[in-house]
Amino acid sequence: MLSFKTGVSVHGATNEIILAIMVSQSVYESRGFDCVVTSLLDGKHSRSSLHYSGNAIDLRTRHLPDDQTKNEIVDELRGGLTADYDVVLERDHIHVEYQPKR
């Protein structure tokens, strides 16, 4: 199941990040986990964060059983998205951003 943490603002999300959300949902569900978007255009991020332009999401990881599972999900996300996306396992979430490399 896909869900959004209370307060997550989706207005202004780019098509590219909507695609990333769809891929994320598929990867999480294939492993039997819910996909929870914890931040999109909301929250506090660095000044240059792509969250503010609708080009980044954070995904919940606290419900995942171990680091191996988290790393496998990150690898699957990278495989399911193009090289224009960065997927980073942070301390308490997975960060996905669309940043074309042209």
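His 45 lies in the loop between β2 and β3 of this predicted model; helices (H or I, at least four residues) and strands (E, at least two) are DSSP runs, numbered from the N terminus. With a relative accessibility of 24%, His 45 is classed as partly exposed. Here buried means under 20% relative accessible area, exposed over 50%, and partly exposed in between (1.4 Å probe, protein chains only). Not counting residues up to four places away in sequence, His 45 touches Ser 39, His 51, Tyr 52 and Asp 58, where contact means heavy atoms within 4.5 Å.

Since the model is predicted, local features need pLDDT of at least 70 and side-chain atom pairs count only at pLDDT 80 or more, while totals for chains, interfaces and linings use all residues. Residues are numbered from 1 along each chain as its sequence is written, and side-chain values use heavy atoms, with hydrogens and water left out.

Asn 55 is also placed in the loop between β2 and β3. Asn 55 counts as buried, at 13% relative accessibility. Apart from residues up to four places away in sequence, Asn 55 touches Thr 14, Ile 17, Leu 50, Val 96, Glu 97 and Tyr 98.

Arg 31 sits in the loop between α1 and β2. Its contacts, leaving aside neighbours within four places in sequence, are Thr 69, Glu 72, Ile 73 and Glu 76. Arg 31 and Arg 60 are 29 residues apart in sequence, and their C-alpha atoms are 14 Å apart in space.

Val 23 belongs to helix α1. Val 23 touches Leu 77, Gly 80 and Leu 81, not counting residues up to four places away in sequence. The C-alpha atoms of Val 23 and Leu 81 are separated by 7.5 Å, although these residues are 58 apart along the chain.

The accessibility values of the residues above are as follows.

| Residue | Relative accessibility | Class |
|---|---|---|
| Val 23 | 17% | buried |
| Arg 31 | 29% | partly exposed |
| His 45 | 24% | partly exposed |
| Asn 55 | 13% | buried |

The largest nonpolar core has 24 residues, of which Tyr 28, Ile 57, Leu 59, Leu 77, Ile 94 and Val 96 touch the most other members. A nonpolar core is a set of buried Ala, Val, Leu, Ile, Met, Phe, Trp, Tyr and Cys residues joined through side-chain atoms within 4.5 Å. Two or more residues of this core come from each of α1 (15-30), β2 (35-39), β3 (56-60), α2 (67-80), β4 (85-89) and β5 (93-98). The most, six residues, are given by α1. Leaving aside neighbours within four places in sequence, the contacts of Tyr 28 include Phe 33, Leu 59, His 63, Leu 64, Ile 73 and Ile 94.

As for the whole chain, there are two helices and five strands, in the order β-α-β-β-α-β-β from the N terminus on. The C-alpha trace spans about 35 × 30 × 20 Å along its principal axes. Buried residues make up 43% of the 102 residues. Of the contacts between residues at least 6 apart in sequence, 57% join residues at least 24 apart.
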